[in-house]
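Me: I am new to this structure. Please walk me through it, one feature at a time.

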Amino acid sequence: MNLQHVISRFSLGGSTLTPVSGQGQESAVLVPLLEVDGEASMLLCKRSAQLRSHPSQLCFPGGKVELQDASVITTALRESQEEIALDPQQVNPVGVLPLHTTLTGFRITPVLAVLDRNASWETQSDEVEHVFTLPLSLLAQQQAWQPVQTQLRGKTVTFNGLMTEYGLLWGATAKIVQQLLTRVA
């Protein structure tokens with residue numbers, strides 16, 4: 001799967017640029033795509049084990065919408081710069097995936113973007129233990145995804161998960177990855 005094929009499925013519409021209110025649990029994540037050895041790949045992070053919420057989980061860079069953010073795209077770019085020092089000038093947003101609501105009440109807007117060839121980022125920060133890439137061809141292998149059970153508010157919940165060398169990809173991040181793969185298949 002090449003990067004041009006993936007991004008050809010998306011285009012920014014006016015609704016993605018409308019201001020957001022900054023109220024409640026609104027958040028945005030950057031879903032960064034890039035080519036690694038000629039193959040479309042996705043950049044992901046492993047959260048620091050020292051964080052109060054979601055320690056050591058695999059994720060996209062992102063976070064809560066703040067009042068000064070003009071749009072969810074602004075939020076995703078700002079948070080990516082804060083978390084992994086990704087220069088917004090090296091990020092080309094191409095569209096948004098559908099809003100994802102988590103079981104913990106967050107409303108996440110995934111912002112799909114292509115990184116410039118010369119883009120650079122920090123591989124470690126206070127919030128991020130590690131930054132890494134995974135090829136979309138690996139993520140698209142349905143047999144690699146396995147059901148994972150966890151307890152949430154006293155109930156057993158089952159998610160699809162993918163074991164990587166950096167840990168288990170599951171939860172909201174896994175659902176966003178699967179949404180993207182469904183769109184580009």
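Me: How much accessible surface does the protein chain have, and what share of it belongs to carbon and sulfur atoms?
Reply: First, the method: accessible areas come from Shrake-Rupley with a 1.4 Å probe, and for residues only the protein chains shown count as cover. Here the protein chain comes to about 9,500 Å². Carbon and sulfur atoms hold 48% of that.

Me: What should I know before reading further?
Reply: This is a predicted model, where local features need pLDDT of at least 70 and side-chain atom pairs count only at pLDDT 80 or more, while totals for chains, interfaces and linings use all residues. Residues are numbered from 1 along each chain as its sequence is written, and side-chain values use heavy atoms, with hydrogens and water left out.

Me: How many helices and strands does the protein chain have?
Reply: Both are DSSP runs, numbered from the N terminus: helices are H or I with at least four residues, strands are E with at least two. This chain has four helices and 11 strands.

Me: What percentage of the residues is buried?
Reply: Relative accessible area decides: buried is under 20%, exposed is over 50%, and partly exposed is in between (1.4 Å probe, protein chains only). Of the 185 residues in the protein chain, 44% are buried.

Me: How do contacts run along the chain?
Reply: A contact means heavy atoms within 4.5 Å. Take the contacts with a separation of 6 or more: 65% of them join residues 24 or more positions apart.

Me: Which residues have the most contacts inside the largest nonpolar core?
Reply: In soluble globular proteins, nonpolar side chains tend to be buried together. A nonpolar core is a set of buried Ala, Val, Leu, Ile, Met, Phe, Trp, Tyr and Cys residues joined through side-chain atoms within 4.5 Å. The largest one here has 29 residues, and Met-42, Leu-139 and Leu-180 have the most contacts inside it. Several elements supply at least two residues each, including helix H1 (3–7), strand S1 (26–36), strand S2 (39–47) and helix H4 (171–184). H4 gives the largest share, six residues. Another core lies apart from it, with 19 residues, among them Leu-30, Ala-76, Ile-84 and Val-131.

Me: What does Leu-139 touch?
Reply: Leave out residues up to four places away in sequence. Then Leu-139 touches Met-42, Leu-134, Trp-145, Leu-162, Leu-169, Val-177 and Leu-181.

Me: How many salt bridges does the structure hold?
Reply: A salt bridge puts a side-chain nitrogen of Lys or Arg within 4 Å of a carboxyl oxygen of Asp or Glu. The structure holds six. One of them joins Arg-107 and Glu-26, at 2.4 Å from N to O. This pair links distant parts of the chain: Arg-107 is in strand S7, Glu-26 is in strand S1, and they are 81 residues apart. Arg-107 is partly exposed at 36% relative accessible area, whereas Glu-26 is buried at 19%.

Me: Which residues does the salt-bridge network join?
Reply: Start with Arg-78. Its side chain meets Glu-66 at 3.5 Å, N to O, and Asp-69 at 2.8 Å, N to O. Arg-78 is buried at 13% relative accessibility, and Asp-69 is buried at 3%. Through shared partners, salt bridges join Glu-66, Asp-69, Arg-78, Glu-79 and Glu-82 into one network.

Me: How many aromatic pairs are there?
Reply: Rings of Phe, Tyr and Trp (its six-membered ring) pair if their centres lie within 6.5 Å; planes under 30 degrees apart count as stacked, over 60 as edge-to-face, and the rest as tilted. By this rule there are two pairs. Phe-132 and Tyr-166 are stacked, 4.0 Å centre to centre with 20° between the planes. Phe-132 lies in strand S8 and Tyr-166 in the loop between strand S10 (155–164) and strand S11 (167–169), so the pair ties together parts 34 residues apart in sequence. Phe-159 and Trp-170 are edge-to-face, 5.3 Å centre to centre with 70° between the planes.

Me: Is Asp-37 buried or exposed?
Reply: Asp-37 sits in the loop between S1 and S2. At 81% relative accessibility, Asp-37 is exposed. Its phi is near 50°, a positive value in a residue other than glycine.
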